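Subject: A structure for you to look at

Hi there,

Here is the structure I promised to pass on. Please open it first, and then read my notes below with it on your screen.

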Amino acid sequence: MFKKRGKILLSLLLVALALSSFNGCSDSAAKDDKFEVSIFRIDSLPQPDPDNKIYKMLKDEFGVTFKFEFLAGDLKQKLGVMTASGDYPDLISYDPLLKEAGALIPLEDLIKDNCPNLYAHYKPFWNQVKEPDDGHMYCMPDYGRFYGGVSDLTYEGNGFWIQKAVLAEFGYPKPTTLDEYFDLIEKYKAKYPTIDGQPTIGFEILNYQWRNFVLRNPPQFLAGFPNDGDVTVDPITYKAEIFANKDIAKRYYKKLNEVNAKGLINKDTFVNNYDQYMANMASGRVLGVPDQHWQFGKAEETLKLKERFERTYVPLGLTYDKSIKDHYRDRSLLNLHRGYGITVDCKDPLRILKLFDALLDEKWQKIFDWGIEGEDYMVNEKGRFYKTPEQLKTMGDVPWQSKNKALALYESMPKREGFYSDGNSVRDLNQPEVYFSQLSAYDKEFFGKYGISSPIEFLNAPPENLPCYPAWTIDLGEGSDAQIANQQMQDLGVKYLPRIILAAPADFEKIWQEYVDAFDKINVKAYEDKINKEIQFRVKNW
Amino acid sequence: MAGFSSNQKLIKSRNIITLDVLKKQKQLIFMSAPLLVYIIIFAYAPMWGWIMSFQDYKPAKSFFDQQWVGFKHFEFLFTDPVFFNVLRNTICMSIINLVFSFVSAIGLALLLNEIKNIFFKRTVQIISYLPHFLSWIIVTGIVANVLSTQGIINEVLMKMGLLTEPVTWLSEEKYFWGIVGVSHVWKEVGWNTIIYLAAMSAIDPCLYEAANIDGANRYQKMWHITLPGIKSTFIILLIMNIGWLMNAGFEIQYLLGNGLVIDYSQTIDIFVLKYGIGMGRFSFATAAGVFKSVVSITLLLLANAVAKRVGEERII
């Protein structure tokens, strides 16, 4: 009985299917033609809510649905399995390994011939997005394409961060050198040996796994160079050079050695893992860190929730002496090698590109950035966007985001930054109406003392970038001598720099010399040659 | 177990496989078939991949397009000064873990075996094996907190007056192996006792009764009955564990290690992750894997041979 009924049902279904496909043929509008895009992203994000309103709009408008897979476990292992099996999703976060394995298709002609918006979007950087070795574009960079100038009110980058309470205590000075900075910290720590009953920590340096750049990067800034990673680039000859074993680094670590002898550096700092670091930062007893803000931003959020605004931080653009101009901030950069690539398994690459092309329209960009007008944000009579107190609360609320934002797709997609053509800022926090309404009274007063409105103004406005900037985006090549040398240099830094800092001041020279000697055994030349070759390429072609 | 009445004929016929024997054992053969298939698919077939270690393997190229490089990757492995350092760390930490875990597990099993109050015994057992179910990321988090300058270890030692100022335990090279060993014991001791307790429960109670009549005390019973009773289990586990000597673990050293102790914390697996897979050098990673396997098999065979020589249980 049951079987028979099943058969009837099946044949009915088949008929219905056939009919509907006839129907599909007769109606040639592309909108009814559903398509699914599979995406693999190298970040570990939560799956979007099935009722997410933005994805629903995309489905209604373009007939597109998305199937996400996020990274769980080790990236290289995952990519290794993928390339060995040759099974790829349609869209994938770019990785040099994928390019090398021939998993990605060249995009430059498809974009140039069919996608006017995308082409206009990348046109100013057309030579940058193409790979130096074969001249093809494999990746659509996600961030760094600014329209109408940079709109930053917030700052997530490098600096010597200091607690607002320290500056407030000594009459709102603005230290510009390393010596002044540590003087303030020393004085404050002597005056307040404990904060909330716990010992005050003068200075904390994170040195945990891949986050070890906190320990290794600062010397270049102190010498007035921008963030080029492991090298400094001469602004006139464009010659790149390792700095980790040079005098500009020695000077910084010598200073750290001195302040460590005075007890300003946390004893645990080099054995702390990231969680312990964040716990210290969130406790509000760390006076200074040489970090990038996005690393400890979450800890600062905790302090803000507890309304301990005086324990939050501002960045300082320290240099070795007053004659050096600080160069911590940089001009907007296209985020090379980060973003989607299209794989060889994708059946209709052009359709995806056309979708991205259509989504670059301001109407859609506003939906991705701000949401739905009247629901997620308001527009006043002058056409300015703002948020009501209830809407402000949803910012950063993860469960809310999974229902109302399309972050899983959008974060990696080609997108506008800066301003819309109507003058509103793309990012809500960079919109003055939003930024100032979420600023606390303490912060307003604090910034008022300096005559500024946001922490970013503590740093110099960035000069023009060198044409080859930044060197850290250079792809060293998988498994190349340059990459091995780079890993060895990192290992050496992680091993020796803590010893150098913690050594008794009398032993400093000896251990520094050991470090430099060990450096000489590494094939540094392979690394410098590769960097210089790419820099020359960039200078010529970008 | 082999029975006391073993006659010569039976022993001899053991080595000759006849159709009759196969027929008699058909259920056993049938039952072992899936395992055999499993081993062929997941243990023998992947050994084909060892060929990669003689190539400069690039993903997505066919086998015939790969470039052959001979022993280049093995050369890199054996000439890198760091390699002998990580080899030493791996083996030393393995041995420390082996000794610690055997001593602690057998010790705890002996103690638990003496407890007559079932409720108390079960409670101790459950508490001691619960940490087994925690992942290393959690355990290392706990260890790092306990050992920090404001952690409980420093607090207690300072209150007792044994220390005048806190020690940063994780920054001292000389403590690292010990910390790893003790963390292993804390995490696994309860779990490891289970098998010994099982072996102890299989000991014939008559032996204890006879010993009682002969006037043996508790310690004598432990020494002369319980320990010999679990000896075969112990030897087999030891041989198997010697085969794992090249695997000192990865997570705990990776998560607890830091620059200050890197000369003592880095194991082969970490080295391979950094300089092999992490850079897409799959051939180099395979070469290290081949080396590890060869050493492991040699150690296993050696241990087995020694066990045979001294007349103990053995695996092969």
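**Inside chain A**

Between domain 1 of chain A and domain 2 of chain A there is one residue pair in polar contact, with both residues at pLDDT 80 or more. A polar contact is a pair of N or O atoms within 3.5 Å; within protein, one must be able to donate a hydrogen and the other to accept it, and residues adjacent in sequence count only if both atoms are side-chain atoms. On the side of domain 1 of chain A that touches domain 2 of chain A, helix H4 (residues 96-100) of chain A gives the largest share, four residues. (Helices, H or I with at least four residues, and strands, E with at least two, are DSSP runs numbered from the N terminus.) That side divides into four nonpolar, two polar and three charged residues. Here Ala, Val, Leu, Ile, Met, Phe, Trp, Tyr, Cys and Pro count as nonpolar, Asp, Glu, Lys and Arg as charged, and the others, Gly among them, as polar.

Before you go on, some ground rules: this is a predicted model, where local features need pLDDT of at least 70, side-chain atom pairs count only at pLDDT 80 or more, and totals for chains, interfaces and linings use all residues. Residues are numbered from 1 along each chain as its sequence is written, chains are lettered from A and ligands numbered from 1 in the order in which they are written, and side-chain values use heavy atoms, with hydrogens and water left out.

Where do the domains of chain A lie? Domain 1 covers 27-149 + 335-429, and domain 2 covers 160-328 + 474-541; such bounds come from an automatic or database domain assignment. Their centres, taken over C-alpha atoms, are 34 Å apart. Together the two domains of chain A bury about 660 Å², with 51% of it from carbon and sulfur atoms. Buried area is the accessible area (1.4 Å probe) that two parts lose on being put together, summed over both. In domain 1 of chain A, the residues that lose the most area to domain 2 of chain A are A:Pro96, A:Asn127 and A:Pro132, together 51% of what that side buries.

**Where chain A meets chain B**

Contact (heavy atoms within 4.5 Å) links 33 residues of chain A with 34 residues of chain B. The buried area between these chains is about 2,700 Å², and carbon and sulfur atoms give 54% of it. How many salt bridges are there between chain A and chain B? The count is four, where a salt bridge is a side-chain nitrogen of Lys or Arg within 4 Å of a carboxyl oxygen of Asp or Glu. One to look up joins A:Arg499 to B:Glu173, with the closest N and O atoms 3.4 Å apart. H22(A) supplies the largest share of the side of chain A that touches chain B, 10 residues.

**Inside chain B**

Chain B is divided into domain 1 (1-70) and domain 2 (74-309), and 30 Å separate their centres. The area buried between them is about 680 Å², with 73% from carbon and sulfur atoms. In domain 1 of chain B, B:Trp50, B:Met52 and B:Ser53 lose the most area to domain 2 of chain B, together 66% of what that side buries. Salt bridges between these two domains of chain B number zero.

Enjoy exploring!
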